[in-house]
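Welcome, and please open the structure in your viewer. We will go from stop to stop, selecting a few residues each time and looking at what is there.

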Amino acid sequence: MEIKLEEIFQEKIDQEIKIEPRDWMPEKYRKTLLRQISQHAHSEIVGMLPEGNWITRAPNLRRKVALLAKVQDEAGHGLYLYSAAETLGMSRDEMLEELHSGKAKYSSIFNYPTLTWADMGAIGWLVDGAAIMNQVPLCRTSYGPYARAMVRVCKEESFHQRQGYEIMLTLSKGTEAQKAMAQDALNRWWWPSIMMFGPNDDNSPNSAQSMKWKIKRFSNDELRQKFVDVTVAQTEILGLTIPDKDLKWNAERGHYDFGTINWDEFFQVVAGNGPCNKQRLKARVDAWENGAWVREAASAYAEKREAKVKNQIEAA
């Protein structure tokens with residue numbers, strides 16, 4: 001019977017019919033989605049921390065308002081995604097417990113420090129640019145709630161990317177010190193950004209199955225190559241230099257060749273040994289513990305409202 005259900009499920013996938021929460025799905029499909037969507041949600045929430053640190057130090061009111069709006073967007077993205085993950089049968093409290101305990105992961109990119117204002121530009125341009133490469137195909141992912149959540153997320157991420165690039169463009173056309181600041185930010189964020197696409201396809205055991213189920217539409221290496229190809233031209237407009245001596249155009253492939261990624265660094269950061277892992281996790285745990293009274297008050301208010309409505313119905 002289960003074999004027949006799996007055949008029907010795969011037929012729906014192949015026919016581009018969205019899988020909805022009440023539909024039958026293989027347990028491995030559900031667990032794969034839970035892992036991916038919850039990690040995506042955690043990344044949005046943890047991703048607020050490196051930028052939130054710069055809201056009060058933005059160089060002018062325009063930059064302050066734009067950065068504040070961006071951080072607010074990221075909070076919203078996290079909420080959309082937690083809601084999508086909840087449709088798979090896992091509560092938000094359970095997901096947050098896994099984040100706080102270290103069991104659940106989030107994007108390794110957010111474990112690097114933001115040292116200068118130029119980092120706000122590099123994050124918007126490179127980090128959000130890489131995120132867009134990853135996320136636009138997710139608007140067509142096979143699971144309906146995830147796909148629908150990603151439509152709005154991607155629209156807002158596109159503004160974040162433009163905001164970051166505009167910061168880098170302004171700095172690169174400014175004083176020598178400002179251009180040097182922009183180059184320094186590019187130097188520090190380039191390699192972590194191309195690591196965002198995950199391990200090479202040969203070392204990504206879940207990719208093949210995720211692509212069969214159309215959770216993913218492109219492999220890690222395909223998306224990474226597309227990001228490099230697009231970003232080289234943008235860097236030339238800025239008048240900056242990508243920190244990769246092996247970067248060169250390959251006419252035969254029709255793509256840029258680029259240097260070897262330091263996968264030891266990637267896996268060390270993923271394992272919790274990055275520059276800011278402990279700091280980021282502590283900030284989220286502290287926020288959870290300090291916000292306990294808000295959750296308790298909201299629950300008490302909801303119970304009071306429910307009891308009031310119930311009494312009104314009974315009285316009627």
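**Stop one: a pocket and its lining**

Sorted by class, the residues lining the second largest pocket are six nonpolar, two polar and four charged. Keep in mind as you look around that this is a predicted model.

To see the lining for yourself, select Ile 45, Leu 79, Tyr 82, Arg 92, Asp 93, Leu 96, His 100, Arg 284, Ala 287, Trp 288, Gly 291 and Arg 295. Which helix gives the most to the lining of the second largest pocket? That is helix 5, with four residues.

**Stop two: charges over rings**

Stay with two of the lining residues, Trp 288 and Arg 295. Turn the view until you look onto the ring of Trp 288: Arg 295 lies over its face, 3.5 Å from the ring centre.

Next, select Trp 54 and Arg 57 for another arrangement of this kind. Here Arg 57 sits over the face of Trp 54, with 3.9 Å to the ring centre.

**Stop three: aromatic pairs**

Time to look at rings beside rings. The model has 12 aromatic pairs in its count. Select Trp 263 and Phe 267: their ring centres are 6.4 Å apart and their planes meet at 45°, so this pair is tilted. Why are Trp 263 and Phe 267 separated by about one helical turn? Both belong to helix 11 (residues 263–273), and they are about one turn apart because four residues separate them along that helix.

Is Trp 263 buried or exposed? Trp 263 has a relative accessible area of 17%, so it is buried, the cut-off being under 20%. Phe 267, at 43%, is partly exposed.

Phe 266 and Phe 267 make an edge-to-face aromatic pair, with 5.0 Å from centre to centre and 75° between the planes. Phe 266 has a relative accessibility of 8% and therefore counts as buried.

**Last stop: a cluster of rings**

To finish, select Phe 9, Trp 24, Tyr 29 and Trp 213 together. These residues form one aromatic cluster.

Notes:
Residues numbered from 1 in each chain as written. Predicted model: local features only at pLDDT ≥ 70, side-chain atom pairs only at ≥ 80, totals over all residues. Heavy atoms only, no water. Phe/Tyr/Trp six-rings, centres within 6.5 Å; stacked < 30°, edge-to-face > 60°. Helix = DSSP H or I, 4+ residues; strand = E, 2+ residues; numbered from the N terminus. Buried < 20%, exposed > 50% of the residue type's maximum accessible area, 1.4 Å probe, protein only. Lys NZ or Arg CZ within 6 Å of the ring centre and 35° of its normal. 1 Å grid on protein atoms, 1.4 Å probe; cavity = no way out; pocket = protein on both sides within 12 Å on 5 of 7 lines; lining within 4 Å. Nonpolar A, V, L, I, M, F, W, Y, C, P; charged D, E, K, R; others polar.
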